[in-house]
Structures are given as C-alpha cells and as structure tokens.
Amino acid sequence: MASREPSGQASRPYIGGQAVLEGVMMRAPTSFAVVVRRRDGSLQVRERAMVDGRRGVARWPFVRGVASLVESLRLGSEALRFSADQMEKDWIADEAAAGAKPEKPGTGAKGLGVLAAFGLSLVSMATGDDGTPAQSSGGGRKLGTWLMLIVAVSLFVALPQGAAAGINRLFGLNLEVQSPAFQAITGVFKLGIIVGYLVLIRRVPDIRRVFQYHGAEHKTISTYEAHEALTVENARAKTTMHPRCGTTFLVMVALVSILVFITIGQALPRIHTGSAVLDNVAFFLEKLPFLPVIAAVTFELQRLFARYCTVGPMRAVLWPGFLVQRITTAEPDDAQLEVALASLRVTLFRQEEGQSSEVNDDVVFPSYGALLGAERLRAA
C-alpha cells in the first residue's frame with residue numbers, strides 16, 4: 001500500500017506492510033522493520049536499511065508488478081520466520097516455567113501457526129501505488145520464498161484444475177481440458193479454494209489474532225496516508241479495509257486468470273495424449289509461463305482501481321476484494337495498534353537515517369512508551 005499525496009504536499013516514501021505472528025512488518029524503499037509483541041508485553045524489533053530498487057527495468061509497467069510480488073514474498077517469509085522464532089522462544093519459556101519438558105522445535109502450536117500464517121503471507125502481498133520494490137542489502141535466504149511460490153502454485157493452480165478434472169470425469173461431461181467450460185469450472189474451484197482456505201484458518205485462534213494485526217496494519221497505513229499523527233487514537237478510527245490490500249490482489253489474480261485461460265485456452269497447442277491425467281498435466285505446464293503475466297496485469301489493474309475507483313459508483317469494482325478482506329482482517333485492540341504503529345515509526349526512522357546510523361537488527365523495548373522515548377532520543 002502507498003499514499004497518493006494531496007496537491008501541494010511533498011511526496012512521501014512508499015510504505016508496504018504485512019501482518020505476522022503477534023506482530024507487523026513494514027517496509028519503505030530504503031528500510032525494513034518487524035515488530036513483535038512478546039508474551040511479557042515487550043516489543044522485539046528487527047530493522048535494517050535496504051537498497052532502493054527503483055531503477056531501470058524494475059520500474060517498467062508490468063515488470064514492476066512481478067518484481068514487487070517476488071520481493072514481497074521474500075521479505076514476508078523472512079518476517080514470518082522472525083515472528084515464529086519469537087513465538088517459539090516464549091512457548092519454550094512457558095513450558096520450562098511450568099516444569100514441562102519442551103517438545104522438539106517446530107512441532108505443536110508453533111508449527112501450526114507457521115502453516116496457517118502462510119495463508120496470510122499470500123493475502124498480504126499488496127505493493128506500493130508507485131510500484132517500487134525494495135531490495136535487501138544482503139543476500140538472505142531464498143528457501144522460504146520458493147516454498148511459498150511452490151505451495152501457492154500447487155494450492156491455487158494445480159488443485160483447482162485437478163478438482164475440475166474430477167468433476168469432468170464424475171459427471172461424464174467429456175470436456176476438453178482446454179475448453180472454456182472446463183476453465184470456467186476450474187475458476188470456480190479456484191475462488192472456492194481461496195475463500196474456503198481463508199475461512200478455515202480464521203477459525204484457528206492464533207491466526208485470528210494475525211488477522212487482527214492485519215487490520216492494525218491497514219489502519220496504521222491509512223493514518224499515514226491521511227497525513228495524521230501516528231497515534232492509537234487516530235488509527236483506531238480508521239477502517240480495516242484497504243483497496244491495495246493483498247487480499248484484493250489475490251482475488252483479482254483469480255478473476256484475471258479465469259478470463260485469461262477461458263480466452264486463450266483453445267489457442268494454445270492442442271493436447272491429445274490419450275490420457276486425461278497426462279492431458280491435465282500437460283496443460284498445467286502450458287499455463288505456468290502465463291502466471292507472471294497474470295500477476296503483472298493484475299498489479300497494474302489494482303493500481304488503477306485503487307487510484308480511480310475508491311469513490312463513487314466505480315467503487316463497486318473493489319467490492320469483491322473488500323468482501324474477502326472481511327475474512328482476512330479483524331478489528332484490532334489498542335495493544336495491536338501499538339505494534340503496527342511502532343513498526344511504521346521504526347521504518348520511517350530508518351528511511352530517514354539510511355545507512356548512516358547504526359543498524360540495530362534486534363532490539364527489545366519493555367513497552368511501546370519506551371520505544372517512543374528511544375525514537376525521540378535517537379532522532380534528536
């Protein structure tokens with residue numbers, strides 16, 4: 001998400017965000033921060049400077065969408081790992097305090113939390129209105145990003161096509177895999193799987209809290225976009241809905257992919273292997289090269305809708321995304337708003353200071369008030 005500056009206002013940096021386990025990640029063109037609320041109420045902060053990626057081909061229309069999506073997944077997976085590590089530390093400490101033997105790391109509640117939070121990483125991939133991805137100052141680990149991409153393709157591309165093939169066979173429809181009717185059935189399953197998955201993980205208490213932090217992220221960025229002071233009172237009054245939310249992006253990707261494959265399915269090389277299974281596998285492979293194109297087109301459409309369709313009758317084009325956002329966001333409490341505001345404040349501080357000041361990768365503040373006090377001292 002990013003702000004459109006009112007006439008006469010100086011341009012301000014792009015800010016994007018994502019909710020994580022008991023925390024919020026925020027990023028700007030040259031900064032990145034994750035703030036997590038620990039069990040004792042303290043705030044664990046990870047922040048660093050970034051390299052501005054607004055150069056060359058990365059700024060071209062359509063190319064910028066794919067670049068931003070990949071970067072959002074990479075930073076999102078890093079933020080999720082960081083938040084999961086803090087949750088696991090608290091969980092192990094609680095087990096030790098209770099006199100119980102801690103289980104093997106990665107099992108139990110933490111493992112469930114990371115698996116379910118993967119869904120949030122998909123629906124929180126919203127990128128800036130100016131389409132300028134940031135790049136890490138270090139190489140970082142890419143395994144999480146590739147894992148998310150593989151699971152996303154499996155869950156939202158391969159599974160819907162497999163389900164459509166099952167319906168085709170069960171009811172004896174005898175539809176060719178490339179026919180518009182088969183692709184329409186695939187699209188229905190795709191939307192159903194997306195919405196059903198989000199509804200399912202919302203029932204997990206820890207993930208409902210992640211969705212509350214998602215709402216806090218939206219409220220905080222809306223406060224920033226409105227040029228209001230970054231306070232709990234101002235953020236509390238904002239809506240949890242936002243036109244550039246990753247949920248809207250995900251729904252739009254599904255809708256655009258339905259239209260694309262209904263249109264071009266029959267124009268692709270014909271597949272007749274004599275086996276329905278092989279036909280489906282072959283067509284799945286044919287579709288893969290189109291996925292970056294679909295993501296790029298959707299990115300540009302979302303930017304267009306978010307800029308020109310937020311008021312008046314055209315706002316109706318945002319309703320499908322807003323409806324699904326009611327699943328992926330929930331009203332946050334003030335403590336959760338503090339975490340989102342803290343993450344944005346740290347991100348803006350690092351954006352202004354850049355590489356010139358000391359980078360504190362991991363810092364613990366006993367409270368939100370202590371973080372504000374430290375920020376005032378550092379900025380003085």
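Hi everyone, let's start with the rings: this structure holds one aromatic pair (Phe, Tyr or six-membered Trp rings with centres within 6.5 Å; planes under 30 degrees apart are stacked, over 60 edge-to-face, the rest tilted). Phe-261 belongs to helix H7 (residues 246-264), while Phe-290 is in the loop between helix H8 (276-287) and helix H9 (291-308), so the pair ties together parts 29 residues apart in sequence. Helices here are DSSP runs of H or I, at least four residues, numbered from the N terminus.

A quick word on the source: this is a predicted model, where local features need pLDDT of at least 70 and side-chain atom pairs 80 or more, while totals for chains, interfaces and linings use all residues. Residues are numbered from 1 along each chain, and side-chain values use heavy atoms, leaving out hydrogens and water.

Buried means under 20%, exposed over 50%, and partly exposed in between, with a 1.4 Å probe and protein chains only.

Now the inside. The largest nonpolar core has 47 residues, and Ile-15, Leu-43, Leu-198, Leu-344 and Leu-371 have the most contacts inside it. Such a core joins buried Ala, Val, Leu, Ile, Met, Phe, Trp, Tyr and Cys residues through side-chain atoms within 4.5 Å. Helix H11 (residues 334-353) gives the most to this core, with eight residues. A second, separate core of ten residues includes Phe-32 and Leu-80.

How values were computed: Helices (H or I, at least four residues) and strands (E, at least two) are DSSP runs, numbered from the N terminus.
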